[in-house]
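I opened the model to look up ring pairs and charges over rings. My entries follow.

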Amino acid sequence: MPVSAPNRDFSASAREPARGRPRDPRTDEAIMAATRRLLTRVGYEEVSMESIAREAKVSRPTIYRRWPSKAHVVFEAAFGAAGGGQTVPRSGDFETDLREFIRGALAFWREPVVEAATMGILAERRRDTELHIRTQQLLDDMIRAELAALVRAGAEQGVVRAGLDTVVHTDALFNVLVGTTFYAVLVDGRSDTDSLVDQLCALVMQGVQPRDREQQQ
């Protein structure tokens, strides 16, 4: 999930493995644009490979050569592909970057295309527990790696305890930030961005601060 801003750089290396002859990037973008229009117009359940093909003015086999299912097409149309740019801000100040990441995540979940895609894919996963979207794993891994780098930078700045850039801690931070912003927007329907940013940032800062600062408070 590229949560600071929808990153729709469709790099071939980040997609599902390519099949058949080399692909025309203009066709790829036409399919992506068509999928986004349909998501906002009719919603996930009404989108089909046939309707995408019709909207994009391509054949169904053209889409299937690129993506194996509707869920895969929709995920990439909404969330983009990994490897297209940085998702975690880097101003040099840990708290500033944390706040911007949270603010970006809230804005991202509020995008109509993202909302339609997210809830639809979640329902798809409940119906098909074997559904695996390679691009999603790549995006999640990329964000976790960038969060780990942010935590290391915070430790160098003296505002984060050393050693919190491990996989376990980074997974926890990812779940707190991505999970909480997702729930706040798509389940609770909260619109109080500033309050949410303040609350979540304060929670994280309290949890990551060096032990000597905890003792001083």
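**Arginine entry**

I looked up Arg144 and found it in helix α7 (residues 134-156); helices are DSSP runs of H or I, at least four residues, numbered from the N terminus. The model is predicted: local features need pLDDT of at least 70, side-chain atom pairs count only at pLDDT 80 or more, and totals for chains, interfaces and linings use all residues. Residues are numbered from 1 along each chain as its sequence is written, and side-chain values use heavy atoms, with hydrogens and water left out.

I listed what Arg144 touches (heavy atoms within 4.5 Å). Leaving out residues up to four places away in sequence, I got Thr170, Asp171, Phe174 and Asn175. With Asp171, the side chain of Arg144 makes a polar contact of 2.7 Å; that term means N or O atoms within 3.5 Å, one able to donate a hydrogen and the other to accept it. The charged end of Arg144 sits over the Phe174 ring, 4.0 Å from its centre. My test was CZ of Arg or NZ of Lys within 6 Å of the ring centre and within 35 degrees of the ring normal. Lys70 lies over the face of Tyr44, also at 4.0 Å from the ring centre.

**Ring entry**

I searched the whole structure and found five aromatic pairs (centres within 6.5 Å; planes under 30 degrees apart are stacked, over 60 edge-to-face, the rest tilted). Phe108 and Trp109 are edge-to-face, at 5.7 Å and 65°. Trp109 and Phe182 are edge-to-face too, at 5.3 Å and 75°. Trp109 lies in helix α5 and Phe182 in helix α8, so this pair ties together parts 73 residues apart in sequence. Ring pairs link Phe75, Phe79, Phe108, Trp109 and Phe182 into a cluster.

Notes. Helices (H or I, at least four residues) and strands (E, at least two) are DSSP runs, numbered from the N terminus. Rings of Phe, Tyr and Trp (its six-membered ring) pair if their centres lie within 6.5 Å; planes under 30 degrees apart count as stacked, over 60 as edge-to-face and the rest as tilted.
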